[in-house]
Amino acid sequence: MTGHRSFFLEEALDAYVQAHSPPVDDVQRSLIEATASLGPVARMQVAPDQAAFLALLVAAVRPMFAVEVGTFTGFSSLAIARALPDGGRLLCCDVSAEWTDIAREHWSRAGVDDRVDLVVAPALDTLRALPADREVDFAFLDADKAGYLAYYEEMVPRLSPHGLIAVDNVLWSGRVLDAGADDADTVALQEFNDHVMSDDRVTSVLLSVGDGINLIRRA
Ligand SMILES: C[S@@+](CC[C@H](N)C(=O)[O-])C[C@H]1O[C@@H](n2cnc3c(N)ncnc32)[C@H](O)[C@@H]1O
């Protein structure tokens, strides 16, 4: 999804949404600029209104243990980490040392680096290494789409009773509507959304924020 624009909103309405959401501060602005300098991959960064939404969820859930799968340069993790309660920790999973170095720099500038644990490795290995009884209070999934189902299956059994899983890009710019789609990412997202709907362990709502967020809790 684009760094600064909710996908399904026309420009004027998007500007209105941003104007009625928390403004970005100096650390976020620096992070947007550092990410933009990477070129087209900057599109992977969540939009400021999505980050504000994640922060609001985290402030409400008050997770002692949060997990992010897909950290990139750190915009979403910065929002999550800042909203954690005292003693709360965030485990960040990503495969890129280059991109997460930018994240580290901005966690440090924001003074939240001491509450973030970054593991640079395939996320599924990191999640599977968590103890089975390690309760997760908040999870944000935003990595490779083909991996979503496996990440979800690692998170659901560990999800605390009032915990939430937020899953990004579930509308995939609207391509999930294409019943004949045969590219791996679209098919993975279609299967993921269908799986969540039919999973009686959870209750979910699919929000058209950004590029679509599937918000999931235990049933
Ligand atoms: C869409 S970006 C995440 C954007 C980020 N949430 C933000 O707000 O800037 C996806 C990230 O997933 C990471 N990724 C891709 N495959 C992965 C895997 N198997 N395990 C862990 N991370 C992975 C990529 O390196 C990339 O940084």
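The structure is a predicted model, in which local features require pLDDT of at least 70 and side-chain atom pairs pLDDT 80 or more, while totals for chains, interfaces and linings use all residues. Residues are numbered from 1 along each chain as its sequence is written, and side-chain values use heavy atoms, without hydrogens and water.

The chain contains 8 helices and 7 strands, assigned as DSSP runs (H or I, at least four residues, for helices; E, at least two, for strands). The C-alpha trace spans about 45 × 40 × 30 Å along its principal axes.

Around the ligand are 19 residues, of which Gly70, Ser76, Asp94, Ala123 and Asp142 come nearest (a residue is near if one of its heavy atoms lies within 4 Å). Polar contacts are pairs of N or O atoms within 3.5 Å. A polar side-chain atom of Asp94 is 2.7 Å from a ligand oxygen atom. Ligand nitrogen atoms lie 3.0 Å from a polar backbone atom of Gly70 and 3.3 Å from a polar side-chain atom of Asp144. The protein buries 88% of the 600 Å² that the ligand exposes when taken alone (Shrake-Rupley method, 1.4 Å probe).

Note on methods. Polar contact = N/O pair within 3.5 Å; in protein donor to acceptor, adjacent residues only side chain to side chain.
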